[in-house]
Amino acid sequence: MHVAVLGAGYAGVGAVRELEDRLPEDVDLTLIDERETHLVQHLVHRVVREPDLADELTIPLSELTDRATHRQAHVTGLDPDAGEIEFANSSFSYDVGVLCLGARTAFFGLPGIEEHATPLKRLEHAERIREEFERVPDDGRVFVCGAGLSGIQIAGELAALGRDRETPPAVVLLEQKDRVAPAFPEAFGRAVADELESQGVTVRTGATVTGADGDAVELESGEDLAYDQLLWTGGITGGEAMVGERPSVQSNLRLGERTFAAGDAVSVVDADGERAPASAQTAVRQADVAATNAVRLVDYRQDGSGFEPRYERYRHDSLGWVVSVGDGTVARVGGSVLRGSAARAVKTTVAAGYLGQLGAVESAAAYVREQFDH
Ligand SMILES: Cc1cc2nc3c(=O)[nH]c(=O)nc-3n(C[C@H](O)[C@H](O)[C@H](O)COP(=O)(O)OP(=O)(O)OC[C@H]3O[C@@H](n4cnc5c(N)ncnc54)[C@H](O)[C@@H]3O)c2cc1C
């Protein structure tokens, strides 16, 4: 029997570690990712201001796994019922799989956006954003399109980076909905908007971007906004292996006969009928449920008799939310919204806690030091 985990982000690493502990010893386990390292993606915006942090945010997969075999390959296709994975020149079959390939930036086919705007998902994007920002003139204009977790945080970083200059460029965050962080609770969104303004970011809500050329970004209202740097953080879509949209799965996280899924790769309707927001926290918690259900399916298939098992269901019960906005931080813990040093302490604890739980103790310590240096 062979179990495969596709993707080594938050969901994939979480699932593989759980499976290492819980699968019977005679079951083979393979972790497939195109990279050799796990990226701590929810801090990738920090690399724009602190390039040295990149090393702390990339952890070799060999340090994170124990019994799983790592196969470094780019997945081009997947049949979740048959248990067939396609690579460019080969394929791979599994008995039970967990899909955790994350998502790609969605450009929604808006003319000129993919060509002229830089997304933010990987370290190479953060490096490109820093280089582009260095070329923005002192009184220039930077537009960040999309005020979700990544847009909010990168706008804050760029405004902070600009403060080192005599005349900082204007950083403007455009959001088509009527508030920032629209997928999150309203009180949190209000506090984030206040923090953005106090960190020097101009927020424009109700601003629907319809396209861009090499000089200006165009709004639905017909307004053309001349830019010196353009970033796109307007949404996510399914990875290449899923061909287009993120598939919708129910709370048992079952994607097909042989496959469960977790994290950004899928859109999950939880046990209360609510759609879970795409986030690192969601991915980690879904990974537990997906791994539990994969173990149950393995047991059932090995046993070869009886009824199909009852699967665990994912219920999205958020522990809270925390974002950095340049040198500021906003946290929602329970019903309270925190800013300032209390919120910063929450962010530092959550991030260092994640790294520490992976065993990346030096990275955790370096991250904490970096927080205190600011
Ligand atoms: C700038 C930024 C800030 C963020 N801030 C926060 C935050 O503050 N809080 C929060 O909770 N979330 C935050 N997020 C969101 C969070 O990072 C994602 O929700 C999370 O990474 C999803 O985890 P995942 O495991 O589903 O996917 P990922 O972490 O994206 O992992 C996917 C893995 O699959 C691999 N892969 C992808 N495609 C292929 C392929 N075709 N073949 C082989 N391998 C492949 C990738 O190499 C990667 O290792 C932020 C995201 C960004 C970009």
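## Ligand shell and strand pairing

In this predicted model, domain 1 (2–104 + 237–303) and domain 2 (107–234) each supply at least three residues to the shell around the ligand. There are 32 residues around the ligand, and Ala11, Asp33, Val75, Gln153 and Asp264 come nearest. By class, the shell holds 14 nonpolar, twelve polar and six charged residues.

| Residue | Part of the residue | Distance to a ligand oxygen atom |
|---|---|---|
| Gln41 | N or O atom in the side chain | 3.0 Å |
| Asp264 | backbone N or O atom | 2.8 Å |
| Ala280 | polar backbone atom | 2.9 Å |

On its own the ligand has 1000 Å² of accessible area, of which the protein covers 93%. Helix 1 (10–22), helix 7 (149–162) and helix 9 (280–303) are the elements that give two or more residues to this shell.

Val75, one of the residues that come nearest to the ligand, has Phe87 in strand 7 as its bridge partner. Strand 6 (residues 75–79) pairs with strand 7 over four bridges in the antiparallel sense. Four residues lie between the two strands of this hairpin, where Gly83 takes a positive phi near 75°.

Strand 7 (residues 84–87) also runs antiparallel to strand 8 (residues 91–93), joined by three bridges. Ile85 has Phe92 of strand 8 as its bridge partner, and the hairpin of strand 7 and strand 8 has three residues between the strands.

In a regular strand, side chains alternate between the two faces of the sheet. In strand 7, Ile85 and Phe87 make up the covered face, while Glu84 and Glu86 make up the uncovered one.

Notes. Residues numbered from 1 in each chain as written. Predicted model: local features only at pLDDT ≥ 70, side-chain atom pairs only at ≥ 80, totals over all residues. Heavy atoms only, no water. Near = heavy atom within 4 Å. Polar contact = N/O pair within 3.5 Å; in protein donor to acceptor, adjacent residues only side chain to side chain. Areas by Shrake-Rupley, 256 points an atom, 1.4 Å probe, with all protein chains shown as cover. Nonpolar A, V, L, I, M, F, W, Y, C, P; charged D, E, K, R; others polar. Domains from an automatic or database assignment. Buried < 20%, exposed > 50% of the residue type's maximum accessible area, 1.4 Å probe, protein only. Pairing = 2+ DSSP bridges.
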